[in-house]
Amino acid sequence: IRRWSNIPFLTVPLSRAHGKSFAHRSELKHAKRIVVKLGSAVVTRGDECGLALGRLASIVEQVSMLQNQGREMMIVTSGAVAFGKQRLRHEILLSQSVRQALHSGQSQLKDMAIPVLEARACAAAGQSGLMALYEAMFTQYSICAAQILVTNLDFHDEQKRRNLNGTLHELLRMNIVPIINTNDAVVPPPEPNSDLQGVNVISVKDNDSLAARLAVEMKTDLLIVLSDVEGLFDSPPGSDDAKLIDIFYPGDQQSVTFGTKSRVGMGGMEAKVKAALWALQGGTSVVIANGTHPKISGHVITDIVEGKKVGTFFSEVKPAGPTVEQQAEMARAGGRTLAALQPEQRAEIIYRLADLLTDQREEILLANKKDLEEAENKGRLALPLLKRLSLSTSKLNSLAIGLRQIAASSQDSVGRVLRRTRIAKALHLEQVTVPIGVLLVIFESRPDCLPQVSALAIASGNGLLLKGGKEAAHSNQILHHLTQEALSIHGVKDAVQLVNTREEVEDLCRLDKLIDLIIPRGSSQLVRNIQKAAKGIPVMGHSEGICHVYVDTDASVEKVTRIIRDSKCEYPAACNALETLLIHRDLLRTPLFDQIIDMLRVEQVKIHAGPKFASYLTFSPSEVKSLRTEYGDLECCIEVVDSVQEAIEHIHKYGSSHTDVIITENEETAEFFLQHVDSACVFWNASTRFSDGYRFGLGAEVGISTSRIHARGPVGIEGLLTTKWLLRGENHVVSDFSEHGTMKYLHESLPLPQRNAN
């Protein structure tokens, strides 16, 4: 047990044989020994005179947290020159002001020129202050720090190398954080880069090369190089087409154009890359990232160690397939080609996919059987999730029927004219439907979701990225293969991509320049996590399915038990299953109420009593912990209300705006309920389970949305479309419509073209 900020906690068990770098980001969490290199731009202020204290404090906090997890942290730091420059400038100004005051006899100061300060002198003046600052910061976390100053000569002398190595190992053994810097007060001129041509040493000419040399000498697992750019770009950052390189492989140097070096410090990005590749060759993994960005600098180091997609990761293992960024670009290009096809061609693709689901059912079910066996052997899925994971012949037949519905209804989905306006003579405006762009659909334990969503994306002309759960890997693989086979009949195979890399969902949610809409399909926790992680990308979906059924005083005895049984028991794990049953107070202790309770007991539904319901009972079921609970199983809450108005207020307060039902024979009460309940789906005398794209006649759905923008309820083809405006003119300019112009606005509505009757 270690202590951090006087709070004891268990350390992370870490062990790894050094000699080979990590192949994937996800493995970085196993790093035991870590070097953090702080570039001059990270440590210094924008005026290059003095330290960025807030940034430095945040870095120390992150290093302390990792140290107290049981890792061995080392820091290679810049900043002595900048700190010394600040101190020397202050001394010079003070000295000049005193002399000037004595000479002129007045306290008013004139402009004073500050001489150019020699870097070695600045380093000598700044080293002690820099170290004192580090010591003060680390002391806040009960961690001791030690300073080590080195030069290139220390690595060339074998005895000095052994001494340095021994010192560092002893400091790490005693849980002390070594803070290493080049001794810039006496540093000699750098040696030629002969070492970078394949020799086993690297010249220490700046802190990048020092960090790389130190990482290899100390058999470090991970080297984190923090600079003032996000990482390595394929062209100079700031240029129009510059793209951040997520993973950099040895041999990729020729594909990169290096720009100028950082505003401060000795080395530029080219020096960092050379040092990183040298360290990688020595068995140390490397990440180059931004340590100055105010939104990420407070957690950049810990994010890297957790395996999140931050900066550029250097790896010797090149994946067999494309990166997720490349897949997103392929999906966009494929989606644009797909949207340009004739409606009959898109429908033909979907019909072909429907046929493949039935023709290849044996192969699909065999793959699904592998997933089920692996899930059961590992015991990692609850029974409701196992049910969702399971495919059957009847499920595949239903899927095929749904896909054919989508194909039949998609004939005029893309390019449909919604509005036509004559703006002026020979100036006509149209609003037409177009695809949203690239969709990212993330789904859990639902392999049947893959062909459904694929068909909707194809019908709407959208590119599609699919990220399924690993528990359905075999099923998803064959279903995606069949989808691409269907797409191939019109040469748009790339429009639908299955993400098979080790991408974390949180990393996918950051691809705001490549993805236009995220649609999560899964547990409420998954949806909440995605909504939290998505940065700049809209998320369509619902975090919870807390559906209500209200039984009114005028409810039919025959209808009540049928609707409640179907809503709760037909598929309790579904998001449209009943979770809270609201009963009018006048129905308590009536035969109808007894029938409801008896039916739920027969169906083995566990009942939780709401506060008001519990108050009416001498011996009540367990009182509900929260009226805002989605059980997802054979459980439900029963609560009592005094009126339809109170039922509506309860739904608005505790519901999730998903699906809510009234059972009554009073049409006036029913209409009041339908008009006043503010949910995506509101039903009268019908089961909550009808809230489904297939049952609505949409063929299938990408999900059920409870948001209030764009699409709501079960989302089919229409919800995956947006619009654009087409203006056709003949040499029209706005100045013609000015007060003294020759033209006038007409703004006449024009008839829409006839829609396809099929």
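View 1. Angles here go from 0 to 180 degrees between N-to-C directions, with axes as lines fitted to C-alpha atoms, for helices over the stretch in contact. Helices (H or I, at least four residues) and strands (E, at least two) are DSSP runs, numbered from the N terminus. This is a predicted model, where local features need pLDDT of at least 70 and side-chain atom pairs count only at pLDDT 80 or more, while totals for chains, interfaces and linings use all residues. Residues are numbered from 1 along each chain as its sequence is written, and side-chain values use heavy atoms, with hydrogens and water left out.

**View 2. Eight strands form an open sheet with mixed pairing.** Follow the order β5-β6-β4-β3-β7-β9-β10-β8. At the edges, β5 (144-150) and β8 (247-248) each pair on one side only; pairing takes at least two DSSP bridges between two strands.

**View 3. Strands β4 and β6 pair in the parallel sense.** Two bridges join β4 (residues 72-77) to β6 (residues 176-182), and Ile-75 stands opposite Ile-179 in β6. Helix α2 (residues 53-67) packs on the sheet, touching β3, β4, β6 and β7 (contact means heavy atoms within 4.5 Å).

View 4. The average pLDDT (the predictor's confidence in each residue, from 0 to 100) is 86.
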